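Trainee: Please walk me through this model.
Mentor: Gladly. Ask as we go.

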Amino acid sequence: MTNNDDTFRWDCIKGTRAIKDKISAKLNAMTSEEELLYFAELNEKAHRLVREREKVK
C-alpha cells in the first residue's frame, strides 16, 4: 500500500464520520414528529429510486 492509498483511506474515514456527525446532529435536534416526516421522506425517495431502476432494466 502506498502513501496515497493511506491518504485516500483516511480521507474516506474522515468524510464518513463527518457525514454521520451531521446526520446525528440533525436527528438529535428533531422532535418525534419531525423524525417521522424525515424518515417517511427518505423512504419515499428510496422507493422512487427503486422504481426508476426497475424501469431501466
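**Loop, helices and contacts**

Mentor: A29 sits in the loop between α1 (3–28) and α2. This is a predicted model, where local features need pLDDT of at least 70, side-chain atom pairs count only at pLDDT 80 or more, and totals for chains, interfaces and linings use all residues. Residues are numbered from 1 along each chain as its sequence is written, and side-chain values use heavy atoms, with hydrogens and water left out.

Trainee: Is A29 buried or exposed?
Mentor: Buried means under 20% relative accessible area, exposed over 50%, and partly exposed in between (1.4 Å probe, protein chains only). The relative accessible area of A29 is 66%. A29 is therefore exposed.

Trainee: How far apart in space are A29 and K45, C-alpha to C-alpha?
Mentor: In sequence, 16 residues separate A29 and K45. In space, C-alpha to C-alpha, the separation is 22 Å.

Trainee: How many helices and strands does the protein have?
Mentor: Helices (H or I, at least four residues) and strands (E, at least two) are DSSP runs, numbered from the N terminus. The secondary structure comes to 2 helices and 0 strands.

Trainee: Why is the protein said to be more spread out than a compact globule?
Mentor: The radius of gyration is taken over C-alpha atoms, and the globule rule is 2.2 Å times the number of residues to the power 0.38. For 57 residues that rule gives 10 Å. The protein is well over this, so it is more spread out than a compact globule, with a radius of gyration of 17 Å.

Trainee: What share of the residues is buried?
Mentor: The C-alpha atoms fill a box of roughly 45 × 40 × 10 Å along the principal axes. The protein has 57 residues. Buried residues make up 4%.

Trainee: How far apart do the centres of the positive and negative side chains lie?
Mentor: Lys and Arg count as positive and Asp and Glu as negative; His and the chain ends are not counted. Each charge is placed at NZ of Lys, CZ of Arg, CG of Asp or CD of Glu. There are 12 positive and 11 negative side chains, and the centres of the two sets are separated by 4 Å.

Trainee: What kind of pair do the rings of Y38 and F39 form?
Mentor: Rings of Phe, Tyr and Trp (its six-membered ring) pair if their centres lie within 6.5 Å; planes under 30 degrees apart count as stacked, over 60 as edge-to-face and the rest as tilted. The count comes to 1 aromatic pair. The ring centres of Y38 and F39 are 5.4 Å apart and the planes stand at 70°, so the pair is edge-to-face.

Trainee: Is Y38 buried or exposed?
Mentor: F39 is partly exposed at 43% relative accessibility. Y38 has 17% relative accessibility, so Y38 counts as buried.

Trainee: How many salt bridges does the structure hold?
Mentor: A salt bridge is a side-chain nitrogen of Lys or Arg within 4 Å of a carboxyl oxygen of Asp or Glu. One of them joins D21 and K20 (4.0 Å, N to O). The structure holds 3.

Trainee: Which residue forms a salt bridge with K45?
Mentor: K45 is partly exposed, at 38% relative accessible area. The closest N and O atoms are 3.4 Å apart, and the partner is E41.

Trainee: Which residue meets R51 in a salt bridge?
Mentor: R51 is partly exposed at 40% relative accessibility. The N to O distance in the bridge is 3.1 Å. The partner is E44.

Trainee: Where is R48 placed?
Mentor: R48 is partly exposed, at 38% relative accessible area. R48 and I13 are 29 Å apart in space, C-alpha to C-alpha, and 35 residues apart in sequence. The place of R48 is in helix α2 (residues 32–56).
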